[in-house]
Protein chains: 2
Amino acid sequence: MKRILLFTVFSLLLCSSCKKEPATSETVENVSSLTETSKENGFAIVIHGGAGTIKKENMTSEQEVAYRTKLQEALDAGYKVLEEGGSSLDAVQKSVNIMEDSPLFNAGKGAVFNSAGKNELDASIMDGKTLNSGAIAGVKQIKNPINAARIVMDSTRHVMMAGKGAEDFAKLNGIEFEDDNYFHTEKRYNQLLKAQEREKVVLDHSALIIDTKELIDDHKYGTVGAVAIDKEGNIAAATSTGGMTNKKYGRVGDSPIIGAGTYANNKTCGVSATGTGEYFIRTLATHEASSLMQYRNLSLKESLDGVMKQIGDLGGSGGLIALDRNGNVAWSFNSTGMYRGYKKSSGENVVKFYEE
Amino acid sequence: MKRILLFTVFSLLLCSSCKKEPATSETVENVSSLTETSKENGFAIVIHGGAGTIKKENMTSEQEVAYRTKLQEALDAGYKVLEEGGSSLDAVQKSVNIMEDSPLFNAGKGAVFNSAGKNELDASIMDGKTLNSGAIAGVKQIKNPINAARIVMDSTRHVMMAGKGAEDFAKLNGIEFEDDNYFHTEKRYNQLLKAQEREKVVLDHSALIIDTKELIDDHKYGTVGAVAIDKEGNIAAATSTGGMTNKKYGRVGDSPIIGAGTYANNKTCGVSATGTGEYFIRTLATHEASSLMQYRNLSLKESLDGVMKQIGDLGGSGGLIALDRNGNVAWSFNSTGMYRGYKKSSGENVVKFYEE
């Protein structure tokens, strides 16, 4: 039985004096002037570090401090980019980098192991202003997969690259690589051994169905994501993951798929997803959230809630973080917890893990 | 300058006596009884063999006959499945198989060559009743990629598999493989040589921008797809492609991406796309068509038109085929032509290539 937990905070309403003037032929030509007039708009960033069985009784105070510190560091880094007038694209990339570099999350350094004992990484990023997008899937040894996704977006006509070809492209473009040792964390390796042992047991019993909840908790735990709106009112979203422990057959989840794991559109909102990826693909979760806002005039909170209802009805589990073009922040998840937080130019700063 | 050509045909309206009774607690339990009551509903299939510069003055009468014959064969094969009470999933798979086995289209046997001189194949399929989906990306030597996508859907918890892992999975599941010679067609190989020559010329001139239209015409030409509704009212959609000539870096286009190249939902419609894939990803073209029907109450024709407008505005080119839950068939494209056709239980049978 799943429950959908929602938490939405409405940010400061943009004061009417800060609104962009209706574009005239002059102002349209003069982009920097437009930029100046909107400089004082509010900005915000929201992040997640994965959804799953996250309960207070299972966490030591040391673990709580570690997660809280790292999430705050990621928020602060992205926020600083926004505060200094940087783009939402740079902000989400920066926040995701901090989480990719931490062993706490299933992305970059902390990525889980596939069935061959390798760390296979996926990431995607989207620019809500232009709908430009970049994604990489099934790459190995790339320190910060979101940086490779960004290069695909910025330097090619393509949206998605996969496997060896994507690695070759990243190398050509100066993306940082690390050897396998960098990605080897004891926690993740033990998860692989446990998953392989369980699979053996499952095969021994000829059982074809593995409890979905168990799979979620152990296999998909800690995908990271960020969504931001900058002073220009541009929205960006980014997601990075190591996928599922013990994954086989080149399985691709939702994280590198535009409209499933990541979506951003200045007309509506930006969204990043985490959870049982297949359900987020089948519902086009992040694009669906945008469509519910755009075509049904739902609020950001109602839209995320509606998508998680669709996912829950299909049997899926996980969560979404988002912010809309007015700087409202929302999240929705049907797991017991989600590492998450936001920081806004109004001064609000929140980091949470559990149902609350 | 692009023009959007639309062509929509409204099928027989389902007679009110054939409509499903409102579900009571009894009928919900008794699925087979529900099935019986809807047995006499109309059924239909619509297919495409790619969009691009397809002009009457460039086609010989022999070529016209060859394309017309093969498209009719694909329609007939899918229609026969539906007529005999088979599922829309089986019907679209069958129609796509016929086109995959023909050297005329850029899928299966007729797939284009990547930059390494290999044929890399993508495909996806979706069940509108359950939203179950299957996709494979970047696989080699699989005779009928859509069959592998179907196996991913039917036999795993996953939606998408890519590369070597997907090939391993397909082999384990008895999917038919062919050696490279099977996929070697002179026409496609010459296209590769031409593309590589042009790239060399382009590099010699340090020109970074290649005319998009030229790229479309030579690189992406003949992706195949099918959408069907069966006697039970279930919609399915499928798409299969060899991607872009001379493609590099493991580029993944829209064809294997659910919501971009392929989407089906019994609540609304089924859609298959062909064209400059990146624009169909960024707009989530096939999911967007469904959303416009569901949330804006647009007709199928209006929805496809709206999506092609979005794609055209971004600079993209190509087309969509679709049918809705009432058996209406529609297509929309902004290229000069699209190989396409439909066949309905009302007796209508149409095959077209050009603007008309």
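**Exercise 1. Determine which residues Ala260(B) is in contact with, leaving aside its neighbours within four places in sequence, and describe its surroundings.**

Solution. Taking contact to mean heavy atoms within 4.5 Å, we find that Ala260(B), with its neighbours within four places in sequence left aside, is in contact with Asp254(B), Ala273(B), Phe280(B), Ile281(B), Leu284(B), Ala285(B) and Thr286(B). The model is a predicted one, in which local features need pLDDT of at least 70 and side-chain atom pairs count only at pLDDT 80 or more, while totals for chains, interfaces and linings use all residues. Residues are numbered from 1 along each chain as its sequence is written, chains are lettered from A and ligands numbered from 1 in the order in which they are written, and side-chain values use heavy atoms, with hydrogens and water left out.

Next, we place the residue: Ala260(B) lies in the loop between strand 8 (251–252) and strand 9 (262–264) of chain B, where helices (H or I, at least four residues) and strands (E, at least two) are DSSP runs numbered from the N terminus. Ala260(B) counts as buried because its relative accessibility is 0%; buried means under 20% relative accessible area, exposed over 50%, and partly exposed in between, with a 1.4 Å probe and protein chains only. Finally, Ala260(B) and Gly277(B) are 17 residues apart in sequence, and their C-alpha atoms are 8.2 Å apart in space.

**Exercise 2. Find out which side chain of opposite charge is nearest to Glu100(A), and what the side chain of Glu100(A) reaches.**

Solution. We begin with the position of Glu100(A), which lies in helix 4 (residues 88–100) of chain A. Lys and Arg count as positive and Asp and Glu as negative, whereas His and the chain ends are not counted. The nearest side chain of opposite charge is that of Lys143(A), 7.8 Å away, and Glu100(A) is buried yet has no salt bridge, a salt bridge being a side-chain nitrogen of Lys or Arg within 4 Å of a carboxyl oxygen of Asp or Glu. The side chain of Glu100(A) does, however, reach the backbone nitrogen of Ile146(A) at 3.0 Å.

**Exercise 3. Describe how strand 13 of chain B is paired and whether its residues are buried or exposed.**

Solution. Strands of a sheet pair through backbone hydrogen bonds, either parallel or antiparallel. Two strands pair if DSSP finds at least two bridges between them. Nine strands form an open sheet of mixed pairing, in the order 8(A)-5(B)-4(B)-3(B)-7(B)-6(B)-2(B)-13(B)-14(B). The edge strands, each pairing on one side only, are strand 8 (251–252) of chain A and strand 14 (349–354) of chain B.

On one hand, strand 2 (residues 44–52) of chain B runs antiparallel to strand 13 and is joined to it by seven bridges, with His48(B) opposite Arg340(B). On the other, strand 13 and strand 14 of chain B pair in the antiparallel sense over five bridges, and Arg340(B) stands opposite Lys352(B). Strands 13 and 14 of chain B form a hairpin with four residues between them, and Gly347(B) in the turn has a positive phi of about 105 degrees. As for burial, eight of the eight residues of strand 13 (residues 337–344) of chain B are buried, so the strand is largely enclosed by the rest of the structure.

Technical notes: Polar contact = N/O pair within 3.5 Å; in protein donor to acceptor, adjacent residues only side chain to side chain.
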